[in-house]
Amino acid sequence: MIEIENVTKTYRVGVGRARFREMLPSPLDRLVGRAFPRWWSRDSFDALKDVSLAIPRGASLGVIGHNGAGKTTLLRVIAGVTVATRGRVTISGRVAALIDLLVGFHPDLTGRENAYVYAALHGLGRRAMASRMNEVLEFAEIMEFADTPLKRYSAGMSARLGFAIITALDAEVLLIDEVLAVGDAGFQRKCVAWLDSYRAAGGTLVFVSHNLGLVRSMTERIVWLDHGTVMEDGRTADVLARYATASERRQDATTPASHDDVEKLMQSRGLHRWGAGGARLEQAHVWQSDEIGSGLEVAINYDADGLAEALFCIGFVDESGREVGGAASPPMKIAGGSGAIRCSIRPLPLRTGVYFPVVGIISPDGVVRDRWRLDRAVVVPVSGSALGETFGPVEIPAVWSTAGDPS
Amino acid sequence: MIRALWSRRHLVWALTRRQYDLRYRQSVMGLAWAVLAPLTTLGVATVVFDRVVRVDTGGSSYAVFALAGLVPWTFLTTAMNQGVQSVAIAQQVVTRLAFPRAALPLSMIGVSLVDLLVSLGLFGIFAYTFGDGIPGTVVWLPLLLIIEAAFVTGIVLLGAAVNVFARDVRVAVPLIVQLWLFVTPVLYPLSAVPPGLRRWFDLNPMTGLVETFHAVLVRGRAPDPALLVPALVGTAVALFAGTWYFAATESRFADVI
């Protein structure tokens with residue numbers, strides 16, 4: 001159980017006077033702060049502003065937000081690395097913070113020696129660590145390099161060792177900050193699998209990441225931080241969809257808005273909107289129902305003066321911009337000028353993930369006239385299927401039967 | 001702070017051990033350095049104080065006499081030089097992990113204590129080779145070491161905490177320790193100090209302490225309580241000031257380091 005009540009964390013920026021103020025021991029600091037409140041608060045910056053959260057035992061909470069939103073500060077305050085300027089944090093249970101996988105490692109020490117120090121820094125004694133050492137080395141897959149200095153390790157091996165030690169801590173509250181990005185995909189899967197079993201065993205997890213896919217699969221609740229305040233706090237799928245949409249908009253602010261600008265940037269792939277011109281998409285709406293496995297409705301308004309016939313397409317890209325799949329319409333008669341068409345995808349053959357729809361209009365000669373990546377995220381929640389995270393984004397509609405079944 | 005530290009005492013031990021492993025990991029001479037540091041000082045001191053100036057050590061071999069002072073002094077020097085910067089150089093760990101910060105300076109003192117034991121062994125060899133052996137008053141040694149360790153702990157805690165905010169400390173400490181050596185009767189006996197300067201010398205907590213090391217390790221005399229008073233007062237003040245300031249500021253280390 002973690003309780004965060006009205007927590008504000010103020011950092012003092014700048015050098016000189018700020019540094020002198022930091023030197024004052026706490027009671028004196030409070031005294032001067034009360035006597036000269038204006039002078040005292042100058043050059044300061046609130047990384048967290050009046051944040052309140054209650055995280056019940058066994059919950060998995062994701063923390064998302066843009067850089068500088070206060071995610072890491074929140075984690076540090078919970079971990080006790082730094083102390084809240086105002087407000088209170090109460091935690092019950094053994095806490096382990098994983099803010100950096102390699103912290104405390106020394107290149108000249110062997111893997112085994114480093115493991116002891118690392119465990120001690122996390123509060124695990126030498127004897128307790130010794131009894132789990134083999135388990136740790138095995139998890140990290142570095143058994144044969146246990147007595148090799150860390151400087152001979154690859155980055156992935158060090159990271160694996162760091163995570164493996166965490167698994168030996170028997171933590172009841174685990175705070176993870178963007179550390180699963182290191183290591184190869186195989187080990188990442190192993191970590192995720194371990195975290196799943198940790199959660200299943202009743203462990204509390206606070207997970208900070210920019211990888212929305214991981215956040216989605218690891219947590220059932222999300223806190224979205226923005227400039228130090230809680231923007232939203234709710235079910236993962238809901239918050240994630242709104243967050244993804246908002247981030248897309250943010251990026252859009254830097255891309256050209258007018259149609260002329262778009263045409264100037266024709267054919268430059270990677271932009272959110274491009275095309276040969278001559279026809280354009282005015283508006284696109286996407287409706288997604290909440291039920292798992294249900295479909296998607298798309299409505300596209302177009303303006304295609306010069307064309308009598310056109311094809312429309314819809315596709316999906318994932319968070320990293322990778323194209324996932326799509327569908328194209330047959331040539332459709334468009335009676336000149338503007339109009340609207342609708343498209344229904346039912347069921348949506350996408351597996352758990354966050355996707356962005358791309359809509360396009362193509363003339364019969366195959367020229368893409370206008371192609372547009374929408375800033376509305378489509379979130380497919382965790383389905384609870386046996387496959388979990390594996391096997392990629394495409395849901396294959398399969399029909400199963402037992403052998404010998406007459407059908 | 002003390003309770004948190006006690007519950008994590010294994011961390012102090014682990015860090016001490018790590019520091020020790022590290023120090024000699026890539027060196028050829030290894031542990032010999034713990035002996036070489038006091039030996040070189042001793043060599044120079046012997047030339048200066050035994051050949052050039054000729055101080056009166058009261059009949060005992062100068063080398064044995066000087067080494068009895070260098071053993072506690074080398075401990076003070078290494079503990080202070082290493083301990084004061086211990087928190088600031090552990091920036092990475094301090095900003096990412098929650099643990100009692102005092103474990104960092106204390107582990108440095110722990111490493112210096114191991115060195116101290118090695119140099120004590122060296123003293124034993126010297127005492128039996130060049131001197132009259134070790135007198136029975138050596139039983140007072142543990143008490144003296146406890147006083148010195150407490151005194152050094154206080155200073156190191158204070159210095160390490162201030163050094164987080166102002167790195168000047170790290171630069172100033174070696175200089176201070178160097179000057180301190182000249183005004184402490186380590187390489188010369190307290191009796192060589194002119195009476196007019198004596199009261200200034202008595203203000204130095206290390207004066208009585210080092211002189212008592214000479215007394216119990218070389219001269220075979222029990223400690224003179226009057227000599228130890230400044231040391232005890234200094235220890236109490238240093239330990240209180242160091243612990244208080246460290247405890248009052250350690251929650252901010254991660255923010256300013």
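Which residue is the bridge partner of Ile4(A) in β4(A)? Keep that in mind, everyone, and we'll get to it in a moment. Before we start, please remember that what you see above is a predicted model.

Let's begin with the sheet in chain A. It is an open sheet of 3 strands, in the order β2-β1-β4, and the pairing is antiparallel. β2 (44–55) and β4 (86–91) of chain A stand at the edges, each with a single partner strand, so each has one side left without a neighbour in the sheet. If you step from one strand to the next, the twist averages 25 degrees.

Now zoom in on one pair. Strand β1 of chain A, residues 2–12, pairs with β4(A) in the antiparallel sense, over 5 bridges. And here is the reply to my opening question: the bridge partner of Ile4(A) in β4(A) is Val89(A).

Next, find the helix α4(A). It lies across β1, β2 and β4 of chain A, and it runs at about 65 degrees to β2(A).

Finally, let's look at where the two chains meet. Here, 29 residues of chain A are in contact with 27 residues of chain B. On the chain A side, the elements that give two or more residues are α1 (17–23), α2 (26–35), α4 (71–79) and α5 (111–121). So which element gives the largest share of that side? That is α5(A), with 5 residues. Sorted by class, the side of chain A that touches chain B has 15 nonpolar residues, along with 7 polar and 7 charged ones.

Terms used
Residues numbered from 1 in each chain as written. Chains lettered and ligands numbered in written order. Predicted model: local features only at pLDDT ≥ 70, side-chain atom pairs only at ≥ 80, totals over all residues. Contact = placed C-beta atoms within 7 Å. Helix = DSSP H or I, 4+ residues; strand = E, 2+ residues; numbered from the N terminus. Nonpolar A, V, L, I, M, F, W, Y, C, P; charged D, E, K, R; others polar. Pairing = 2+ DSSP bridges. Axes fitted to C-alpha atoms, helices over the stretch in contact; angles between N-to-C directions.
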